[in-house]
Amino acid sequence: MPYIAEISRSNPSCFLFLIDQSGSMMDNWGGEQGKRKADGLATIINRLLQNLVIKCAKSEGVRDYYEVGVIGYGLQVGPAFVGELAGRDLVKISEIANLPARVEERTRKVDDGAGGLVEQKIKFPVWFDAVANGGTPMCQAFARAEQILAQWCADHPHSFPPVVINMTDGEATDGNPTQAAESLKALATNDGNLLLFNVHLSGAQVATIQFPSGEEGLPDNYARQLFRLSSDLPEYMRSIAAQEGLEMASGSRGFVFNGDMVSVIQFLDIGTRPSNLR
Amino acid sequence: MQLYSFWLPKQGMAPHEYEDALAHTGTGAWPVRCAVADGASETSFADRWAQLLAEAYVAGELDGPDGLPVLQEAWWQAVQGRPLPWYAEEKLSHGAYAALVGLTVHPDRTWQALALGDCCLFQVREERLVHAFPIDRADGFSSRPFLLSSRRGWRVAQADLALARGEWQPGDRIYLMSDALAAWFLITAEQGRRPWDALDAAENDLIHLIDRLRAGRALRNDDLTLLRLEV
């Protein structure tokens with residue numbers, strides 16, 4: 001049965017994020033005036049990295065359960081980290097933790113444990129800045145991911161297979177990405193095939209659609225194409241999602257329209273996570 | 001009365017990374033109290049929290065409503081005050097979480113127990129499982145249990161706290177254990193076999209039994225704690 005490998009420091013897994021940095025990412029996101037897709041995407045990817053680090057953090061430091069990469073595609077295709085990690089394809093999650101480009105201070109309202117809210121200052125690390133320039137070479141991005149992860153799978157034959165999360169506004173400008181995506185999804189470890197998930201950031205004023213099991217209800221051809229490129233969520237991930245309160249039908253795919261994919265991080269177990277930890 | 005205990009970290013982890021805890025009064029005086037706690041691995045300083053909970057139960061400090069706030073303050077005082085990187089600071093703000101099962105055995109041949117989460121108690125009499133608490137079916141376990149939080153201000157609702165009472169007879173065996181071993185125990189019992197026999201027989205060599213069960217995937221790789229009381 002695939003997708004059961006234990007994720008541990010001696011048997012880590014891998015997340016690779018593919019980030020659309022094309023000129024069209026300057027457009028507004030979801031019709032919201034003043035909020036560009038590129039800015040929304042930068043927030044999403046920084047939050048994803050932050051959540052991954054916190055998931056792996058323990059009192060003594062960060063445990064290397066994952067290797068992580070961020071590949072941008074726009075004017076160029078290549079590593080998109082800024083700061084000390086610039087230019088690197090895959091890095092250990094502990095390096096991500098310790099080497100953000102900068103740490104901003106923000107405020108948020110949190111539960112005070114007694115039914116109220118209090119304002120709390122938090123540190124907000126940044127590894128990735130908004131970029132919007134050039135075309136959308138998605139085929140090249142998938143090919144680059146395949147090149148990086150073929151080696152990773154060879155080096156980690158018993159690991160939980162890599163998860164690739166592609167975030168885009170949907171319009172590839174270097175051809176039909178289907179073949180490149182299928183070739184990427186053919187990579188595998190002994191535990192199963194690589195999982196390719198897609199996040200579609202659209203200018204359409206359509207509410208978030210998460211992990212659909214069919215194309216009905218998706219608003220345009222680009223969304224339908226990205227849905228078709230997305231892997232089925234393994235039963236293992238769906239069962240954890242159900243424990244997190246997110247029931248999914250069999251055949252649900254790793255596809256989100258106009259939302260983020262932070263929840264996917266919680267679909268992979270690295271240990272006991274209390275149901276009352278939010 | 002005899003008391004036996006055993007613990008082992010998750011395979012691939014060092015002993016100092018073990019995040020369960022156990023505590024007991026010994027068997028020299030009544031009542032006999034013992035507890036097993038299991039710190040949630042996705043939270044930080046969970047080992048400290050599990051140890052505080054187990055020791056507080058045994059000391060009777062969780063008997064009243066003021067016990068938990070005192071413990072939460074003790075945990076906070078133990079872990080705060082040092083400069084931490086951004087992720088450790090964030091994680092600390094989430095608090096630590098742990099499951100707990102505690103048992104008090106009285107001289108009048110009764111016992112009472114308290115549990116929150118998936119640490120379990122099993123009572124065996126003459127080769128029969130007569131009590132499984134708070135989980136009594138193997139499919140009752142999940143990787144997302146509801147647990148005791150160290151966050152100051154967090155309070156446990158009475159409805160979430162499981163309480164049990166029972167009677168004991170001389171020769172009964174009562175086992176407290178953390179979730180991975182408890183899940184194996186219940187699966188084995190549901191298959192009509194006697195997991196207590198395997199545990200008792202391997203008492204001097206439990207580590208090899210555990211290694212074998214883990215290798216065969218019959219036992220989930222997790223911190224493991226067992227406390228056995230023969231009354």
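Trainee: What percentage of the 278 residues in chain A do buried residues make up?

Mentor: Buried residues account for 46% of chain A. A residue counts as buried if 20 or more other C-beta atoms lie within 10 Å of its own, as exposed if 12 or fewer do, and as partly exposed in between, with C-beta atoms placed from the backbone. Before we go on, this is a predicted model, in which local features need pLDDT of at least 70 and side-chain atom pairs count only at pLDDT 80 or more, while totals for chains, interfaces and linings use all residues. Residues are numbered from 1 along each chain as its sequence is written, and chains are lettered from A and ligands numbered from 1 in the order in which they are written.

Trainee: What radius of gyration does chain A have, and what would a compact globule have?

Mentor: The radius is taken over C-alpha atoms, and the globule rule is 2.2 Å times the number of residues to the power 0.38. A compact globule of 278 residues would come out near 19 Å, and chain A, with 18 Å, agrees. The C-alpha trace of chain A spans about 50 × 45 × 40 Å along its principal axes.

Trainee: And what does chain B have?

Mentor: Chain B contains six helices and eleven strands; helices (H or I, at least four residues) and strands (E, at least two) are DSSP runs, numbered from the N terminus. Its radius of gyration is 17 Å, close to the 17 Å that the rule gives for 231 residues, so chain B is as compact as a globular protein of that length. Buried residues make up 46% of those 231 residues. Chain A, for its part, has seven helices and 14 strands.

Trainee: Which strand of chain A lies largely in the open, and why?

Mentor: That is strand 7 (residues 102-111) of chain A: of its ten residues the number buried is zero, so the strand lies largely in the open. Strand 7 of chain A pairs with strand 8 of chain A in the antiparallel sense over ten bridges, where pairing requires that DSSP finds at least two bridges between the strands. Across this pair, A:Lys109 stands opposite A:Glu119 in strand 8 of chain A.

Trainee: How many residues of each chain are in contact with the other chain?

Mentor: In general, the size of an interface is often given as the accessible area lost when the parts come together. Here we count residues in contact, meaning that their C-beta atoms, placed from the backbone, lie within 7 Å. By that count, 27 residues of chain B touch 30 residues of chain A. Helix 3 (residues 86-94) of chain B gives the most to the chain B side, with seven residues. By class, that side has ten nonpolar, ten polar and seven charged residues. Ala, Val, Leu, Ile, Met, Phe, Trp, Tyr, Cys and Pro count as nonpolar, Asp, Glu, Lys and Arg as charged, and the others, Gly among them, as polar.

Trainee: Which residues of helix 3 of chain B are buried?

Mentor: They are B:Tyr87, B:Ala88, B:Glu90, B:Lys91 and B:Leu92. The buried residues of this helix pack against elements that include helix 1 (37-56) and strand 8 (117-126) of chain A, and also against helix 2 (67-79) of chain B.

Trainee: At what angle do helix 1 and helix 2 of chain B pack?

Mentor: Two packed helices are described by the angle between their axes and the distance between the axes. Helix 1 (residues 46-58) and helix 2 of chain B pack at about 145°, with their axes 10 Å apart. Axes are lines fitted to C-alpha atoms, for helices over the stretch in contact, and angles run from 0 to 180 degrees between N-to-C directions. The contact of these two helices has nine nonpolar, one polar and one charged residues.

Trainee: Where should I look for backbone exceptions?

Mentor: Most residues other than glycine have a negative phi, and most peptide bonds are trans. In chain B, a cis peptide bond joins B:Trp30 and B:Pro31, with omega about -10°. Another cis bond joins B:Phe133 and B:Pro134, with omega about -5°. B:Phe45, not a glycine, has a positive phi of about 55°, and B:Glu126, also not a glycine, has one of about 45°.

Trainee: Is B:Phe45 buried or exposed?

Mentor: B:Phe45 is buried, with 23 other C-beta atoms within 10 Å, whereas B:Glu126 is exposed, with 8.

Technical notes:
Contact = placed C-beta atoms within 7 Å.
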